[in-house]
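Reader: I have a sequence and a 3D structure to go through. Where do we begin?

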Amino acid sequence: MRPTGFYKLSQEYIDLVRELGGKYQDNKERPVYCCLQDKDCPDIYWAIPTSNISHRPTEQLDRIKRLCDLPNRDIRSCYYHIGHTNRPAIYRISSVLPVTKAYIEGEYMSQGIHLLLRDKRLIAEITRKLSRILFDESRHPNKYEQHISSIYAFLAKK
């Protein structure tokens, strides 16, 4: 797996999240953005689900923009990021998932090429927000609905 690459999660992984008490609502084959490799466990990558912005209702998009515009000290400002992949996209940072290669179904392809994020400023901002979410999670284990801490502990044991 490559940091800054987009991948598809396996159904086995989605089932694992649910078995560990977490929620994973998405039944579509959405790409996840593998933001960075874990420092303590290099087999684990932090994957951020993404969504296409174009089909979002105005109210939902306005809510996401309001959260993004909150002051940086407010953790809710890190829940989402609006950016661009091969199209305008929402990075659902607070839905981050620890994942290993074993649970990746394959690379997410765009026009026959593995989609990679190349914008250094976008990568830096997403990484900054992710760091805040992971710090928040370390202080409040399983705060987020996907149960980040439980998944991480399971994968770290393997």
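Author: We begin with a definition: a polar contact is a pair of N or O atoms within 3.5 Å, where one atom must be able to donate a hydrogen and the other to accept it. The model is predicted.

Reader: At the start of α3, which residue's backbone nitrogen does a side-chain oxygen of D119 reach?

Author: The cut-off for a polar contact is 3.5 Å. The side-chain oxygen of D119 comes to within 3.0 Å of a backbone nitrogen at the start of α3. That nitrogen belongs to R121.

Reader: How far apart are the end C-alpha atoms of helix α3?

Author: Helix α3 covers residues 120-139, which is 20 residues. At 1.5 Å a residue the helix should span 28 Å, and the distance in the model agrees with that. The end C-alpha atoms are 29 Å apart.

Reader: How wide is the arc that the buried residues of α3 cover around the axis?

Author: The buried residues in α3 are L122, I123, I126, K129, L130, I133, D136 and E137. Their arc around the axis puts them on the same side of α3. In general, residues three or four places apart point the same way, because an α-helix has 3.6 residues a turn.

Reader: Which exposed residues does the face of α3 turned away from its buried side carry?

Author: Exposed means over 50% relative accessible area. The buried side of α3 packs against β2, β3 (45-52), α2, β4, β5 and α4 (148-157). The face turned away from that buried side carries K120, R121, F135, S138 and R139.

Reader: With which residue does the side chain of H81 make a polar contact?

Author: H81 is placed in strand β4 and counts as buried, at 14% relative accessibility. Leaving aside residues up to four places away in sequence, H81 touches C68, A89, I90, Y91, I93, L122, E125, I126 and K129. One of these contacts is polar and joins two side chains at 3.0 Å. The partner of H81 in that polar contact is K129.

Reader: How far apart are the closest N and O atoms of E125 and R128?

Author: Both residues lie in helix α3, three residues apart, about one turn of the helix. E125 is partly exposed at 25% relative accessible area, and R128 is partly exposed at 26%. Their closest N and O atoms are 2.7 Å apart.

Reader: In the salt bridge of D136 and K143, is D136 buried or exposed?

Author: The closest N and O atoms of D136 and K143 are 2.6 Å apart. K143 counts as partly exposed, at 40% relative accessibility. The relative accessible area of D136 is 10%, and the cut-off for a buried residue is under 20%, so D136 is buried.

Reader: What separation do the C-alpha atoms of R73 and E12 have?

Author: R73 is found in the loop between α2 (58-68) and β4 (81-84). R73 counts as exposed, at 73% relative accessibility. R73 and E12 are 61 residues apart along the chain, and their C-alpha atoms are separated by 36 Å.

Reader: How many aromatic pairs are there?

Author: Rings of Phe, Tyr and Trp pair if their centres lie within 6.5 Å. By this rule the number of aromatic pairs is five.

Reader: How many residues apart in sequence are the parts tied together by F6 and Y33?

Author: F6 and Y33 form a tilted aromatic pair, 5.2 Å centre to centre with 35° between the planes. Both residues are buried. F6 lies in strand β1 (residues 5-9) and Y33 in strand β2 (residues 32-37), so the pair ties together parts that are 27 residues apart.

Reader: Which residues do ring pairs link into a cluster?

Author: Y33 also forms an edge-to-face pair with Y91, 5.7 Å centre to centre and 80° between the planes. This pair links strand β2 with strand β5 (residues 88-91), 58 residues apart. Y33 counts as buried at 0% relative accessibility, and Y91 counts as buried at 0% too. The cluster linked by ring pairs is F6, Y33 and Y91.

Note on methods:
Residues numbered from 1 in each chain as written. Predicted model: local features only at pLDDT ≥ 70, side-chain atom pairs only at ≥ 80, totals over all residues. Heavy atoms only, no water. Phe/Tyr/Trp six-rings, centres within 6.5 Å; stacked < 30°, edge-to-face > 60°. Helix = DSSP H or I, 4+ residues; strand = E, 2+ residues; numbered from the N terminus. Buried < 20%, exposed > 50% of the residue type's maximum accessible area, 1.4 Å probe, protein only. Contact = heavy atoms within 4.5 Å. Expected span 1.5 Å × (residues − 1). Arc of directions from axis to C-beta. Salt bridge = Lys/Arg side-chain N within 4 Å of Asp/Glu carboxyl O.
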